[in-house]
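Please look over the structure shown below before reading on. The report that follows takes up its backbone, its cores, one of its helices and the confidence of the prediction.

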Amino acid sequence: MKEFNNNCLALYLASQLLLLVLFAGRLRGEIIFSDDFETGNLSDHWEEIKATRQGDAELETRSEYVFEGTRSLRLTAVANGGQVALAQTAHWFMPGYDQLYYRWYAKFSADFDQGNFMHWVLIGGNSIYDKWSASGKAGLRPTGRDFFATSLETWRGWGRYPPPGAMNFYTYFPEMTASPDGYYWGNQFQPRVPFLIERNRWYCFEFMVKLNQPGVHDGEQAFWIDGVKIYNQKDIRWRDVDFLKLNLFWFSVYIHESRQDNTCWFDNLVISTDYVGPLAAAPAATRQCCDFDLDGISGRTDFMQLLLMKRDEPEDGRGDYNRDGRNTIADALQLLLDQRAGKCGSGIAALSGGRTGK
Ligand SMILES: [Ca+2]
Ligand SMILES: [Ca+2]
Ligand SMILES: [Ca+2]
C-alpha cells in the first residue's frame, strides 16, 4: 500500500511538473530562431548570403555599430551607377508557422540615402512542399496557393520624407492591386501618421504576421518601434490553402537605383511564436510627438490629426499622448495644454524616436 501511495505521489508530481512546463512554454512562446551574431560564421546561421560586392554582407566588430555584445550584422548596398545593388542574408524554417513575431535592432548609416524606394526586412511564405515557391515572383500577384510576402521598409514618399524615410509595409497578397505598368508590385500600407526613421540611431523593430484561416479574411500584420505598437493591419487574406506557411525571413538592404554606398547594421534578432518585446536592458525611448501632421510645426492641425488617428487607428500607441495606457479624449486635451504652455517643440524629428548613439 505504501508503495502504491508513493507511486501515486510520484505520478501526481510528474503530471504537475509536465503542466508547469507546458504552461511556462506557452507563456514564453517558442523561439524558433535567434541570432545575436556573437558566435560562429554568418553561414552557420543563414542559408543564403548575397551581396552585389563580395564582403558586403559581413559580421561587424566596430563597437559603434554593435548593439549588444561584440558583433552585429553589416549589410551594404554598394554604389552601382544607379543600378540595383543589394546585400542580404536569408533563413528558412520549413515547414513553417501560422503566426510569428520577429524582433530585431537596427541602425541606418549616418549618410544613408536610398533615393526613393528600397527593400529591407522580408517575411515570406512558401508552400510547405517547396521552399522556393516564393522565389522569382517579383511583379506577380499570388494565387493564394503559391506564395505571399511582406516587407517592413522605409520609403521617401517621393522626397516628402528625409532619408531613410517612413516605415511602411510592402506586401504581396492575393487581393493586391496592379500598378500602372500592369505588374503587381508590392502594395504599400502605412499608418495615418507616418513613422519617420532617423539615421545613425538604434531602434528596436518588431513585426508580427498572422496568417488567415483559408476562406476567412482574418489575417493580420503589425509593427512596433521601441516597444510601441504603431500599425496593425487586419482582415488580410494571405492564402487559400493551409500548406502556405510563414517559413522565410531575410535581412536585406536592396536599393533599386544605387548611387552611393548604403549600410544598415542589425543585431539581436529573435523569431518567436509569441510577442518578444525590446530587451530589458535597453528600454524604449521613443520621444513624445507633437507634430502629428508632419508639417514641421506644432499647431491646431496636429490636434485634429491626433483625433483622427485615435478614431481610425486606436491601436497606434503614439495616440496615447499622456502615456496613461488609455485611448481617450484626455490625450488630445493634454496636447492642447502642452501646446499652449509652449512644451511642444517643432520639427519632423519629433515624430520618430529611439536611442541616440549606442
Ligand atoms: Ca551582437
Ligand atoms: Ca504639425
Ligand atoms: Ca492616454
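Pro164 sits in the loop that runs between strand E9 (147-155) and strand E10 (165-172), and in this predicted model the peptide bond leading from Pro163 to Pro164 is cis, with omega near 0 degrees. Another cis peptide bond joins Met94 and Pro95, where omega is about -5 degrees, and Pro95 belongs to strand E5 (residues 83-97). Most residues other than glycine have a negative phi, and most peptide bonds are trans.

| Residue | Phi | Loop |
|---|---|---|
| Arg323 | about 55 degrees | between H3 and H4 |

Leu294 is partly exposed, because 17 other C-beta atoms lie within 10 Å, whereas Arg323 counts as exposed, with 10 C-beta neighbours inside 10 Å.

Helix H3 (residues 300-312) consists of 13 residues and reaches 19 Å from its first C-alpha to its last, which is close to the 18 Å expected at 1.5 Å a residue. Within H3, the residues Asp302, Gln305, Leu306, Met309 and Lys310 are buried. Why do they share a side of H3? They cover an arc of only 135 degrees around the axis, and therefore they lie on the same side of the helix. An α-helix has 3.6 residues a turn, so residues three or four places apart point the same way. Helix H4 (329-340) is included in what covers the buried residues of H3, while the face turned away from the buried side carries the exposed residues Arg300, Arg311 and Asp312.

The largest nonpolar core contains 68 residues, of which Phe205, Phe223, Val253 and Phe266 touch the most other members. Strand E16 (residues 244-258) supplies the largest share of this core, nine residues. Leaving aside residues up to four places away in sequence, Phe266 touches Ser72, Leu73, Trp104, Tyr105, Ala106 and Phe251. A second, separate core has 10 residues, among them Cys290, Phe292, Tyr321 and Ala332.

As for confidence, the protein chain averages a pLDDT of 90, and 86% of the residues score at least 70. Over residues 346-358, however, the pLDDT is below 50, although this stretch has 44 contacts in the model beyond near neighbours in sequence. Where pLDDT is low, the predicted coordinates should not be read in detail.

Conventions:
Residues are numbered from 1 along each chain as its sequence is written. Chains are lettered from A and ligands numbered from 1 in the order in which they are written. This is a predicted model: local features need pLDDT of at least 70, side-chain atom pairs count only at pLDDT 80 or more; totals for chains, interfaces and linings use all residues. Helices (H or I, at least four residues) and strands (E, at least two) are DSSP runs, numbered from the N terminus. The expected span of a helix is 1.5 Å times one less than its number of residues. A residue is buried if 20 or more other C-beta atoms lie within 10 Å of its own, exposed if 12 or fewer, and partly exposed in between; C-beta atoms are placed from the backbone. The arc is that of the directions from the helix axis to the C-beta atoms. Two residues are in contact if their C-beta atoms, placed from the backbone, lie within 7 Å. A nonpolar core is a set of buried Ala, Val, Leu, Ile, Met, Phe, Trp, Tyr and Cys residues joined through C-beta atoms within 7 Å. pLDDT is the predictor's confidence in each residue, from 0 to 100.
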